[in-house]
Amino acid sequence: MQEKTKGNRVLIDGSRLMIEALARAGADAFIGYPITPANLLYQYGSQRLKLMLPAPDEITTLQWMSGLSATGQLPVTATSFPGFALMLESINMAYMMELPMVIILVQRLGPATGTATCGAQGDLLLLRGMISGAHPIPVLATADFNDCWDLAAKAAEVAINLRTPVVLLTSKEEVMTQKSFDMGTLAKVIPVERKHYDLECEYKSYKPTDFVPDFLPVTQNKHQVRLNASTHDQTGILQHSNEESMANTRRLEEKVIQRMKSHYYYSLDEQKGAKKLIVAYGITSSAALDATEMLRNNGDKVSLLIPRTLIPTPAFYRELMMKHERVVIAEENINHQFGKLLFGENTPANVAFVGSLGKMISPEEIMKEVTA
Amino acid sequence: MNIPFLKTDALPFCKGCGHDLIAKNTTRALEKLGFNPLDVIMVTDIGCHGIIDKCLNTHTVHGLHGRSSALGAGITFGMEEPGKKVIVFIGDGGSTIGLQHLMEASRLNLNMTVVVHDNFLYGMTGGQTSGLTPHGFNTTTSRDGNPFFGYDICALAHTAGASYISRVMGIGDISDKLAVAFSTKGFSLVEVLEICPSYGMKLNPRRKLSEIAESSGKEMGEWLNQRPPFSPQQGRKSENLLEKVDPIAPKFKSYLKKTTSIILSGSAGEGVQLAANVLCKAAMRSGLSITQKGSYPVTVGVGFSTAEVNLSPREIHFHGIAVPDMVVVTSADGLAHNKQRIAKMQGGFLFIDESLEVPPTGAEVICHDFRGMGARNASIFSVFFLALKTGIISTESLFKTIEEEGLSEKLPVAKIKEALVA
Ligand code: SF4
Ligand SMILES: [Mg+2]
């Protein structure tokens, strides 16, 4: 593994990098309420963003964010499953109204309150089905501190450019652990440009250009804006289920599928001649990196895939797995959620899993499965 | 050219529904106040009143059941331009589904008006009892009369701090009364009483609106609070989060060859996390990579306090510690919390305060008087002791860290130096 330059090394946590990158990308407001293990994000958000609002509860959080978003601001919040669950209906609203926002979901051990200070990767399938109709919502998963920076900025970009809520998926160990980190590896964050509809002719709140409707804030007075959480036509007027409104609902799905194609983020470390492939996302990717290195040092040939765009799920992940004789997917749950996302209940014979409950998966556990 | 607020006078409500009166008086009030339709943002809730959207020339936002006052609140937070008006239409049902949102908007005294269409029941869903249904009022879910008493939504908003609250009978011209609310600085709420002809009238024949209001204690009136309205957090400092994170340059040497995991375990209030932080920063000054995390009970001031640290000459990816290479125990709480992991150790070192009973372990045990330095200093002293005994980093790098991090006053540097010589 390449040793990085040591001139710029600091002791830092992932939460700090995430909020700073979001601010630089154009986030305007942090709407928060306390929940472990997302409290550092709340603290940094309150220090960094132009506007900080302490919400009294999770539903209010999402509603305030939606209102702010309607005025052209980009709001951010951070939560964990118990809070996220309460936000669900409102996230559906923001999805339907097409309001940009970033929701950082810090996974912890469930069910319910579970263990607030124990990490987990247990929420992926919830995310896949969280929009009624199972329409996809963009989910980006951080694998390391550079992702806390880069993907946070990308989340802001996707939210604005696709007019949608985006989930930045992470977990307790990724945002609360302090690590030595080389700041010289951080790329410059370019602020996301917010384009507003600027034509004289009639504006329709949900008339798409390349799947995404042009945006106008409700604070301007040139054109009428209509935002609607109920089934609606291009104007934003409630409709039961006529052709135009159904086309609009279909577009919500197509928008995410089509426009996310330019946001497929992953890293693939291919070893020539390798017939084995390790796949891990989020917190487990650090163990997968170590496992890959140790296996190679032992003379085993193995490739490593770290998916970052989880939803919508690039078909490429599946295709790559099918090209390998043995695939090991490692994730911190006991029901192989990423595997189910890819294959449903019909796991191909060449795919094996390493799971865990209540503790991080170690490199040794992955190695054992790869060489089994 | 004056654009009217309403596209049509034929509103989509049942004949005789009070919603019609509220909608027309709202637009009349706004016209009287000189608003242009596109300076007004109408946020509507779920319920019959919400289908007014399509008839309006204002901006329209149609949200979820009960949540529209929070959605409207969000819009007010983002409104920098004066001369805009956020109005929320909500029903009696929605106002208790989202009661918290109404209280919050009142407490923060946000610049908006909520018009509660109180017809004593959920109309759109079939005439069910709501939180504002008066005692004894018949609904489709309480045909023998509501056994419960309804909220006084005006009193609640008043207690919560709204600038202006009024209760109005939904009869005749109420536009002036609405205009007072619309021109209020801060939060205003108007509860308009009405009867839903389709359910309320049918289920409560011969009852009059005024009589229902009187018998249920829904008194007409105005209530005021003299409080400043919400103002945006002007001049708030936005702090670059990376500015105060100082780089730590390597100045010392470490001969550490492989990743080494260390657990410091003691009691809350005894400086365990700080000691771990000094250890990590000294390791970075020695050119090592580190990871650090803490664990302690939710009541942070009592019980154990454990810090998990990895040091490595290379970049660290996986930072979990199943079986540590070294454990330092400075208190009984710390021992109890890490007994299991200590038992699993097949080698490495266990540093333990001499007052404690040595637990079963395969590690080499080194007992020392850490607490003799005082409970608060036991942990930082143990870090120096560990450095001295194992040589993973130099004690100089630890002293330098204390100096450069501005901790010389806080930590007993001279006493530690003395003890190390001994
Ligand atoms: S059902 Fe009742 S509340 Fe709804 S429009 Fe008809 S009369 Fe009005
Ligand atoms: Mg009602």
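Domain bounds, as used here, come from an automatic or database domain assignment.

## Ground rules

This is a predicted model, so local features need pLDDT of at least 70 and side-chain atom pairs count only at pLDDT 80 or more, while totals for chains, interfaces and linings use all residues. Residues are numbered from 1 along each chain as its sequence is written, chains are lettered from A and ligands numbered from 1 in the order in which they are written, and side-chain values use heavy atoms, with hydrogens and water left out.

## Chain A and its domains

Chain A is assigned domain 1 (1-263) and domain 2 (266-370). Their C-alpha centres lie 27 Å apart. Across the boundary, 31 residues of domain 1 are in contact with 22 residues of domain 2 (contact means heavy atoms within 4.5 Å).

## The cores

A nonpolar core here is a set of buried Ala, Val, Leu, Ile, Met, Phe, Trp, Tyr and Cys residues joined through side-chain atoms within 4.5 Å. Buried means under 20% relative accessible area, exposed over 50%, and partly exposed in between (1.4 Å probe, protein chains only). The largest such core has 140 residues, and A:Ile104, A:Met321, A:Ile329 and A:Phe338 have the most contacts inside it. Helix H6 (residues 145-162) of chain A gives the most to this core, at 12 residues. Another core, of 43 residues, lies apart from it and includes B:Met373 and B:Phe399.

Zoom in on A:Ile329: beyond its neighbours within four places in sequence, its contacts include A:Val279, A:Met321, A:Phe338 and A:Val354. Back in helix H6 of chain A sits A:Asp150, which counts as partly exposed at 32% relative accessibility. (Helices are DSSP runs of H or I, at least four residues, and strands are runs of E, at least two, numbered from the N terminus.)

B:Asp92 lies in helix H3 (residues 92-97) of chain B and B:Leu121 in strand E5 (residues 121-122) of chain B, so the pair ties together parts that are 29 residues apart in sequence. B:Asp92 counts as buried at 2% relative accessibility, and B:Leu121 counts as buried at 1%.
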